[in-house]
Each structure stands twice: as C-alpha cells, then as structure tokens.
Amino acid sequence: MKKVERINIIMRYINNRAHFTISEIMREFNISRSTAIRDVREIEAMGMPLVAEVGRDGGYFVMNNSVLPAVRFTDNEIKALFIAFMATRNQQLPYLKSRQSLAEKILGLISNNQQDDLVLLNQILLFEGTNPHNPDLLDLTDLPHPMLEQLIQILLIDSYLVVSVEEGREIKSYPIYLMHLYREKSSWQIEGFDLDEEKRRIISVDNLTDVKPYPEKKRISKKKIVEQLSKQKEAINLVLELGPKAIAQYKKYYPLHISISYTNPYQTTAVLKTFINVHHAEELAEITNWLLFLGSDIKVREVPKEILESLQERVDVLADKALE
C-alpha cells in the first residue's frame, strides 16, 4: 500500500473512533511503531486536531466537533479533472444531467487564479464534440437515452435481466445475462447472453422500453454461460498485418470486437485477427468501410472472398463517380 493511500485510510480510521493508540494503528495496518508515529504526526500536520494523552493507558483522541480536513487539489489535479470533463462533452454519458451544476462545484473548490487557468483551457482546447464557435462548457448538454441510467442502476445489483425491446412495431422481451455495456458509433449497446436461445445477443439501448431483474429460479450459472460462449466462438477468417500508418488509423476508430497485437516493442507493426460474419449484410458493409479507412498500409494474410468482392464493388462505385 502506498504511503498516501495508507495515510488517507488511517485518517478515516481515526475519525471514526473516540480514542486510539499507536499499538492499535500498528496492529490494524501491519506497520512498525516508527511508521505509525510518523503517519500520526503527518496527519496532525495536515490539520486533524489530535490530542495526546500521557500515562500508561495513554493514546490520542480527536477533539470534539472536529471533522476530516477539507479535500485539497493540486493545480495539476484540478486541470486533469477539468480537461477530462471537457473531453466527454456530447458523449451521452450517464449521470451527467447537469454539467453546469458539476462544473460550478469544481470551480467553487478552487482559487480565482485556478479558475482563470480553467477558463483559458476551455477556450484553447478543442475535443471531439466541441463546437469551435461556442466552446463554453456550461452551455452544452448531452443527455443519454433515459433508459441508460435505469439499466445501470439495476446492473449494479444484478446482471440477470429481462429487457423489453422495440423491434419495428412490436415489443419483444429477452432474458439475458449482461456481459458488457459499451458505447460504439455514438450509441450504447448491450452485449448479453440470451438465456433462452443460449447465444450471444447485441441490443441497442436506444430500443429499450423496459428493464427488470430475471427470476432467480430460471437462471443458469455464469460458469455454464462461459462454457456455452467458448463453444460458440467463431473461427478466425480475417488476418491483417498493420504498418504504422494503419495503426494510427486504427487508433482513431475501430469496431469494439476487433483488437490488434503489436509485433515489435516500438508499436509500429501489429497483427489483427478476427472473425467477420460475411452473411450479415450490416457487418459486411461496416468492415468494408473500415478496411478502406485503414488505408493501404496493410498486408492481407487471410480474408473471406465476400469481403474482397465488397471492397471491389466499393472501388468500382468510386471509380464510376470519378468518371462522371
């Protein structure tokens, strides 16, 4: 355990007790007497009002009506928090219904000089989703789908769910074990294991109409779910070698289920291995667009003929438009 982390934990331990001794600190945190004394002295220096009692049964107690010292951020920590906050604009994240309220609380914790620095950072730093003509953080809203927070609240308690989904003009319900909740192409997706059909299922949060826990008596174990998914794992049918330019493009955007493995310590070459369902028109179109996006700095080691045909069709269309 790092020293700063240990001291923070000891502070909370002390604050929850009317009286404590150095021996108790030693036993509780498995540290030496000299370390315990040093930590207590540092805590006193930080502003916690401790009173020492002398004598055989002596120790320390916290003065009545005292609380933990206020949280203090360094200049760099404040900048890091604010920049991270800026970078998430228009990302449709949960629990960000009022950016103005959150920003005002951050600004209220810092000095006028620090506030001036943040205002300047807000003017000069542009991220994806920033309006360059109006980069004011406090004017932007980015509410997610209303079902997203409800879904997360249930997930924090239970991963076995019944989700109701709008499909066309019908509402269908699926019992699922939720594996991941992720954001791709500006929308939130559920990756789950369908407990009835025993297969992987992707559901858009935008299409959710209701979420509720799945009855316990109908559940299958997580171990069985993992076994079923491992049996259904598709064989790799797309293998590419990526050069530095293609890797740079990959870092800008890549489908969530596709990852690369670097083949040298400088991360300038990599290999990509994945399965593409070429019989799924939407997935085939997406991988075609993405391969064109990667550019020419790739070497193809294995590729389904359907992808090659789709790429050729796309090139032919572009050529025809160029000749018009």
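This report covers the nonpolar core, the salt bridges and the surface patches of a predicted model.

Residues are numbered from 1 along each chain as its sequence is written, and side-chain values use heavy atoms, with hydrogens and water left out. Because the model is predicted, local features need pLDDT of at least 70 and side-chain atom pairs count only at pLDDT 80 or more, while totals for chains, interfaces and linings use all residues.

**Core**

The largest nonpolar core has 19 residues. Such a core is a set of buried Ala, Val, Leu, Ile, Met, Phe, Trp, Tyr and Cys residues joined through side-chain atoms within 4.5 Å. Buried means under 20% relative accessible area, exposed means over 50%, and partly exposed lies in between (1.4 Å probe, protein chains only). L242, L272, I287, W290, L291 and I307 have the most contacts inside this core. Two or more residues come from each of β8 (238–242), α9 (244–252), β10 (270–274), α10 (281–294) and α11. Helix α10 gives the most, with five residues. Helices (H or I, at least four residues) and strands (E, at least two) are DSSP runs, numbered from the N terminus.

**Salt bridges**

The structure holds eleven salt bridges. Each is a side-chain nitrogen of Lys or Arg within 4 Å of a carboxyl oxygen of Asp or Glu. Three of them are tabulated here.

| Pair | N to O distance |
|---|---|
| R6 and D39 | 2.6 Å |
| K199 and E197 | 3.2 Å |
| E241 and R301 | 2.9 Å |

R6 and D39 meet in a salt bridge. This pair links distant parts of the chain: R6 sits in helix α1 (residues 3–15) and D39 in helix α3 (residues 33–45), 33 residues apart. Both R6 and D39 are buried.

E241 pairs with R301. E241 lies in strand β8 and R301 in strand β11, so the bridge ties together parts that are 60 residues apart in sequence. E241 counts as partly exposed, at 32% relative accessibility. R301 is exposed, at 52%.

K199 and E197 form another pair. K199 is partly exposed at 36% relative accessibility, and E197 is partly exposed at 45%. D194, E197, K199 and R201 are linked in a network of salt bridges.

Strand β11 (residues 298–302) also holds V300. V300 is partly exposed, at 47% relative accessibility. V300 and I124 are 176 residues apart in sequence and 41 Å apart in space, C-alpha to C-alpha.

**Surface patches**

Patches are made of residues with over 30% relative accessible area and no salt bridge; like charges are joined within 9 Å, and nonpolar side chains (Val, Leu, Ile, Met, Phe, Trp, Tyr) within 5 Å. Accessible areas come from the Shrake-Rupley method with a 1.4 Å probe, and for residues only the protein chains shown count as cover.

E309, E313, D316 and D320 form a negative patch. Lys and Arg count as positive and Asp and Glu as negative; His and the chain ends are not counted. A charge is placed at NZ of Lys, CZ of Arg, CG of Asp or CD of Glu. E313 lies in helix α11 (residues 305–323). E313 is exposed, with a relative accessible area of 53%.

F73, L81 and L109 make a nonpolar patch of about 280 Å². F73 lies in the loop between β2 (60–62) and α4 (75–87). F73 counts as partly exposed, at 35% relative accessibility.
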